[in-house]
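Good morning, and thank you for coming.

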Amino acid sequence: MTEQAASSGIYPVLPLRNSLLFPQLLMPLIVGREKSVAAVEAAVASEDKTIVVVAQEDADADEPTLEQLFHVGTLAVIKRLDRGDDSVQVIVHGLEKVALIQGEPVEGDTYLSVKVERLPKPEDTDAEIEALQREVLELAGKIVELALPQAQESFSQAVQQVTEPLHQAFLLATMVSLDLEKEKRLLLAESRREAMKLMHEFLTHELQVAELRHKIASQTQSEMSRQQREYVLRQQLQAIQEELGEQSPEEAEAAELRRQMDEANLPEKVRTEAERELSRLERMSPNAADFQVTRTYLEYVLELPWNKLSEDILDLGRAQTILDEDHYDLKEVKDRILDHLAVMRLNPQAQAPILCFVGPPGVGKTSLGKSIARSLGRTFERISLGGMHDEAELRGHRRTYIGAMPGRIIQAIRRAGVRNPLLMLDEMDKLGHDYRGDPSAALMEILDPAQNSEFRDNFLDLPFDLSRVFFIATANTLDSIPRPLLDRMEVLRLAGYSDEEKKHIARQYLIPRQLEDAGLKPEDLTILEETLMRIIRRYTREAGVRNLERTLGSLCRKVARRFAEGQEDAVTASPDDLSTLLGPEKFFQEDARKELAPGVAAGLAWTESGGEVLYVEAVRLEGRSEFVLTGQLGDVMKESAKAAQSYVLSRAEELELDEETVKLGVHIHVPAGATPKDGPSAGVTIVAALASLYTGHPARRDTAMTGEMTLSGLVLPVGGIKEKVLAAHRAGLKRIILPVQNEKDLSDLPDQVRSDLEFIFAAHLDDVVTAAIPELSLPYAATESSP
């Protein structure tokens with residue numbers, strides 16, 4: 001540049017990519033770009049050696065134009081210049097802040113030049129600026145203390161030499177290495193107050209970052225120190241063990257696993273895989289993520305009973321005695337177990353059955369499984385399936401993460417210690433499923449004799465033979481069990497108990513057990529027959545005996561309290577004592593109503609907790625013609641009600657119904673209104689109720705009925721006969737109308753119940769109406785009565 005150009009206010013430009021120069025500060029620079037080197041040489045050749053140092057807006061531009069430069073820069077003087085081969089090293093000293101106006105390149109020049117306007121230097125001063133200045137210095141001191149504690153002394157000396165607030169702000173900005181955008185904002189500050197406020201904002205943020213970095217570094221250093229200490233101690237321990245001829249814990253553990261493997265009777269495929277994993281474990285560091293998973297895997301492989309079987313006790317007499325000791329009645333289930341024992345005696349290689357006990361709560365499904373295991377001499381393990389919704393709970397987790405484990409089937413067999421335990425899969429009807437899989441799908445393989453001999457748990461990934469396992473599933477209902485899964489099991493139904501059966505169960509099992517639990521001797525408490533029957537009928541109402549046992553336990557505890565308080569005489573519990581010992585009666589025999597109004601008939605229903613007596617009530621709606629159904633009835637039951645009305649109206653001539661009666665509306669209600677009801681078995685009851693309503697003749701109060709109907713008048717068979725009949729017997733009813741095809745189901749009933757009831761078998765709805773309403777006799781009636 002010529003002297004004429006410099007004196008006229010046009011200066012060479014030195015663009016900086018990622019920084020800028022503040023006034024009053026020195027900055028060393030290495031200049032390598034061709035135009036930048038030319039600008040430095042031009043400045044050095046001038047009289048005052050001045051140059052404009054300015055930041056680029058676009059850091060990626062190799063040859064920036066004036067439009068790509070920040071509009072404010074610093075006029076600086078070059079203090080030192082060292083030339084190299086391809087670059088020059090300079091030290092520049094910032095003089096003052098300038099604004100770039102325009103470039104006027106001199107003809108032939110190879111560098112950028114610009115005309116500038118000197119910006120005024122702020123001179124404002126007050127107490128606020130002084131307070132900000134002190135606060136900024138304190139923040140900067142804390143940052144240096146955290147980030148560079150060794151430079152604290154140098155920092156103090158540097159800031160003490162500068163007293164002017166703006167100069168201090170520029171100095172601190174370079175010391176804490178602000179990013180370019182913050183430096184630009186600081187350079188643009190038009191007053192000392194603005195500059196100090198900006199620095200206070202910037203340094204507050206930098207202090208927070210420095211504190212977090214210091215915290216992270218301290219934690220890391222602490223962890224490294226602990227690991228280094230453990231490493232040194234391990235090395236020392238290893239040296240001591242080598243000197244004493246001892247093994248390290250990892251080597252000792254691997255040696256123990258190898259010893260167990262040599263002693264274990266493993267199948268060839270399993271042994272090959274175990275050898276491979278053990279060799280891998282021996283080469284693995286104890287700190288490796290896979291170390292614990294591999295060790296757990298080997299422990300399971302070595303502890304599983306691959307070839308260990310328990311010997312079945314095939315004594316049919318002993319098994320019969322044990323089953324009778326533990327459970328009353330249940331003849332069908334006991335016969336099935338004895339049949340299996342007989343087959344095992346003739347064919348020891350016969351496959352174990354897969355049974356499914358279905359029945360209401362409290363009928364003894366789980367305890368029966370324990371008795372079967374005891375009678376066979378097998379180990380008993382129980383797996384609760386209720387609420388299970390993850391397929392991996394059964395199949396196991398894959399060994400892709402720490403904490404992976406085998407499924408519950410393999411875990412249960414490991415606990416049993418033999419390959420042929422009795423596994424009870426409890427509450428199968430309460431399985432869930434979600435996005436993680438369907439456990440019932442896994443059970444289809446587990447319970448399939450054609451597949452489970454090669455069952456592969458995801459964790460083991462080795463074939464395990466489940467064909468010798470005796471599986472017993474339990475459920476309250478079959479409705480929620482998938483059909484393909486149900487097809488793999490032999491279903492045995494455990495219906496509810498009659499009052500007479502409950503009395504025998506209480507005498508034989510429940511009362512002795514509760515007396516022992518309460519610390520009483522048999523002679524301390526005598527429960528009369530009528531007392532026990534009142535407890536059964538008035539304090540419990542269930543198909544099983546769970547609540548009965550609970551109530552008897554409460555009675556025994558009340559008596560035990562009397563003895564604990566000093567009573568010495570034995571207690572005889574009479575019916576009159578029950579209100580004192582057990583409180584007021586909880587149930588009343590409202591089921592068997594004393595009188596039935598026209599339009600009311602007793603029906604029988606099946607529920608998960610046993611049978612129930614339901615009364616169907618119908619009333620006329622004078623002046624209206626609609627057909628109303630209430631009582632939380634399901635779609636099937638609503639259709640049965642409409643079909644029943646259509647059938648009764650079709651027999652209007654035989655029932656001697658006038659035209660006005662036929663046109664009246666009807667409202668049918670089935671108590672209790674809060675209980676949902678559905679199913680076809682109420683069809684015959686609704687027919688009887690409507691026939692009674694239209695004719696005005698009441699149905700017999702001692703009669704209940706069940707059966708599906710058709711529009712042509714046929715009575716079709718239904719299920720749950722035993723539970724329904726037991727419910728009628730509990731309610732005090734004397735006559736039961738059943739479909740003729742259900743006569744065969746009476747063989748399941750206790751002899752006492754059959755002798756107490758009269759059964760009427762109907763093939764046609766006319767038979768039902770004639771048997772239920774004595775005043776009516778329809779032409780097709782051909783009922784068959786069985787005492």
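Let us begin with a pair of helices: helix 9 passes helix 10 in a left-handed crossing. Please keep in mind throughout that this is a predicted model. Helix 9 spans residues 268-283, and it packs against helix 10 at an angle of about 150°, with the two axes 10 Å apart. Angles over 145 degrees count as roughly antiparallel, and helix 9 and helix 10 are therefore roughly antiparallel to each other.

Which residues of the two helices make the contact? From helix 9 they are Val 270, Glu 273, Ala 274, Glu 277, Leu 278, Arg 280 and Leu 281, and from helix 10 they are Phe 291, Thr 294, Arg 295, Tyr 297, Leu 298 and Val 301. Sorted by class, the contact of helix 9 with helix 10 has eight nonpolar residues, one polar residue and four charged residues.

I would like to stay with one member of that list, Arg 295. This residue lies in helix 10, which covers residues 291-303. Is Arg 295 buried, partly exposed or exposed? Its relative accessible area is 21%. Buried means under 20%, so Arg 295 counts as partly exposed. Leaving aside residues up to four places away in sequence, Arg 295 touches Glu 253, Leu 257 and Leu 281. Arg 295 and Ala 254 are 41 residues apart along the chain, and their C-alpha atoms are separated by 8.9 Å.

The second pair is helix 3, residues 127-147, and helix 5, residues 165-175. Their axes come within 11 Å and cross at roughly 20°. That angle makes helix 3 roughly parallel to helix 5. The crossing of helix 3 and helix 5 is left-handed. Helix 3 contributes Ile 129, Gln 133, Val 136, Leu 137 and Ala 140 to the contact, while helix 5 contributes Pro 165, Gln 168 and Leu 172. By class, the contact of helix 3 with helix 5 consists of six nonpolar and two polar residues, with no charged ones.

On the side of helix 18, the contact is made by Asp 499, Lys 502, Lys 503, Ala 506, Arg 507 and Ile 511; on the side of helix 19, by Glu 529, Leu 532, Met 533, Ile 536 and Arg 537. The contact of helix 18 with helix 19 holds five nonpolar residues, no polar residues and six charged residues.

Apart from residues up to four places away in sequence, Leu 690 touches Ala 618, Ala 644, Gln 645, Val 648, Val 666 and Ile 668.

Eight of its eight residues are buried, so helix 27 is largely enclosed by the rest of the structure.

Ile 472 is buried, with a relative accessible area of 0%. Not counting residues up to four places away in sequence, Ile 472 touches several residues, among them Leu 355, Phe 357, Ile 372 and Met 424. Ile 472 and Leu 368 are 104 residues apart in sequence, and their C-alpha atoms are 9.9 Å apart in space.

Finally, two loop residues. Glu 427 has a phi near 60°, a positive value in a residue other than glycine. Glu 427 is found in the loop between strand 9 and helix 16, and at 26% relative accessibility it counts as partly exposed. Gln 632 also has a positive phi, near 55°. Its place is in the loop between strand 18 and helix 22, and Gln 632 is partly exposed, with a relative accessible area of 44%.

Thank you for your attention.

Terms used
Residues numbered from 1 in each chain as written. Predicted model: local features only at pLDDT ≥ 70, side-chain atom pairs only at ≥ 80, totals over all residues. Heavy atoms only, no water. Contact = heavy atoms within 4.5 Å. Helix = DSSP H or I, 4+ residues; strand = E, 2+ residues; numbered from the N terminus. Nonpolar A, V, L, I, M, F, W, Y, C, P; charged D, E, K, R; others polar. Buried < 20%, exposed > 50% of the residue type's maximum accessible area, 1.4 Å probe, protein only. Axes fitted to C-alpha atoms, helices over the stretch in contact; angles between N-to-C directions. Parallel < 35°, antiparallel > 145°, perpendicular 65-115°, else oblique. Left-handed = near helix turned anticlockwise from the far one by under 90°.
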